[in-house]
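Please read this briefing alongside the sequence and the 3D view.

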Amino acid sequence: MMEKATLNAPIVFHVGPVPIGLEVVTTWVIMAVLVGGAWYGSRRLSATRPSRFQVILEMVVGFLGGLIRDVMGADPAVFLPLIGTLFLYIVTCNLSPLIPGVKPPTASFETTGALGLIVFFTVHSLGVRKRGLLGYLRTYLEPTVVFLPLNILGELTRTFALMVRLAGNIMSHELTIAVIISLVGLLVPIPFMALSILVGLVQAYIFTILAAVFIGGAMGTVEKG
Amino acid sequence: MNVEMISILSAGIAVGLGAIGPGIGEGIAVAGAMDALARQPEATGTITRTLFVGLAMIETMAIYCLVIALLLLFANPYVHA
């Protein structure tokens, strides 16, 4: 009999009654790497003699700031902590399978669902803070009252699509590489792995842009998408 | 035909048919973007960014089909193994 294949992550260990899956462990390692990298990079900042790592960090921050300014038309300093962290985390997750034996956490719907929920609640809380509760609720009645169910449905489905898009892309690419490795093991999978770098970067970029567009739409700085 | 065979067949059909529409749609979108780039090369940044977001939206349809196929293959609720 074939071994039963599932989409569930293997359980590493239990904390009391709670099973801890492989993704959670990978996520914590990635978080430690990101926090450690940020601490190491910002430890000795210099305006006159920047280190090589500081130049890379400045490039990343400048790129994300420009992206937020272009997409949202708002001051990037307010949104950079959230949107920049989302981008860096998703990029690190998507590129983590380049290390042999690591399964990317973004390939499972639990991780991307959590990211989608973060964006969902940010959109509504910032929308309420910017326009007031009544003013924000009134945007659901635009252009007429008839559109109320469609607007509510649109809120839910776009968050769901955000979750499915990221996880589906990354998981399908992992499966494709696994199938190719099972057919021909030597050298042939390498171009597909190189393609997975591109897919990972593009998907992280798309998730970031869509999050920025949704937040900007709720705050009224960009047209609602 | 038992449930497993039907599931495998329908997984293939789901992805195969579901990829047609997004394929045509993405082709039209990229063709439009190329046209716009040829007319206005100075707007490359905006066109590329909008194209990526639009392609992601179109691609979501194909990804939905893929997710349904994967559910049928790996997490089928009607197969009790």
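Residues are numbered from 1 along each chain as its sequence is written, while chains are lettered from A and ligands numbered from 1 in the order in which they are written.

**Confidence**

- The predictor assigns the complex a pTM of 0.85 and an ipTM of 0.76.
- The mean pLDDT of chain B is 88, and 99% of its residues score at least 70; pLDDT is the predictor's confidence in each residue, from 0 to 100.
- Where pLDDT is low, predicted coordinates should not be read in detail.

**Chain B**

- Chain B has three helices and zero strands, in the order α-α-α from the N terminus. Helices (H or I, at least four residues) and strands (E, at least two) are DSSP runs, numbered from the N terminus.
- The C-alpha trace of chain B spans about 60 × 15 × 10 Å along its principal axes.
- Chain B has a radius of gyration of 18 Å, whereas a compact globule of 81 residues would have one near 12 Å. The radius is taken over C-alpha atoms, and the globule rule is 2.2 Å times the number of residues to the power 0.38.
- Of the 81 residues of chain B, 14% count as buried. A residue is buried if 20 or more other C-beta atoms lie within 10 Å of its own, exposed if 12 or fewer, and partly exposed in between, with C-beta atoms placed from the backbone.

**Where the chains meet**

- In chain B, 13 residues are in contact with 15 residues of chain A; contact requires C-beta atoms, placed from the backbone, to lie within 7 Å.
- On the chain B side there are 11 nonpolar, one polar and one charged residues. Ala, Val, Leu, Ile, Met, Phe, Trp, Tyr, Cys and Pro count as nonpolar, Asp, Glu, Lys and Arg as charged, and the others, Gly among them, as polar.

**The nonpolar core**

- The largest nonpolar core has 42 residues, and A:Ile68, A:Ile83 and A:Phe207 are among those with the most contacts inside it. Such a core is a set of buried Ala, Val, Leu, Ile, Met, Phe, Trp, Tyr and Cys residues joined through C-beta atoms within 7 Å.
- At least two residues of this core come from each of H2 (52-72), H3, H4, H6 and H7 of chain A and H3 of chain B.
- H7(A) gives the most to this core, 10 residues.
- Leaving out residues up to four places away in sequence, A:Phe207 touches A:Leu86, A:Ile90, A:Leu162 and A:Leu166.

- Helix H7 (residues 189-219) of chain A has 31 residues and reaches 45 Å from first to last C-alpha, close to the 45 Å expected. The expected span is 1.5 Å times one less than the number of residues.
- Just after H7(A), A:Gly220 takes a positive phi of about 85°.
- A:Leu187 lies in the loop between helix H6 (148-183) and H7 of chain A. A:Leu187 is not a glycine, yet has a positive phi of about 65°.
- A:Leu187 is exposed, because 7 other C-beta atoms lie within 10 Å.
- A:Pro104, in the loop between helix H3 (76-95) and helix H4 (109-131) of chain A, counts as buried because it has 25 C-beta neighbours inside 10 Å.

Note on methods:
This is a predicted model: local features need pLDDT of at least 70, side-chain atom pairs count only at pLDDT 80 or more; totals for chains, interfaces and linings use all residues. Two residues are in contact if their C-beta atoms, placed from the backbone, lie within 7 Å.
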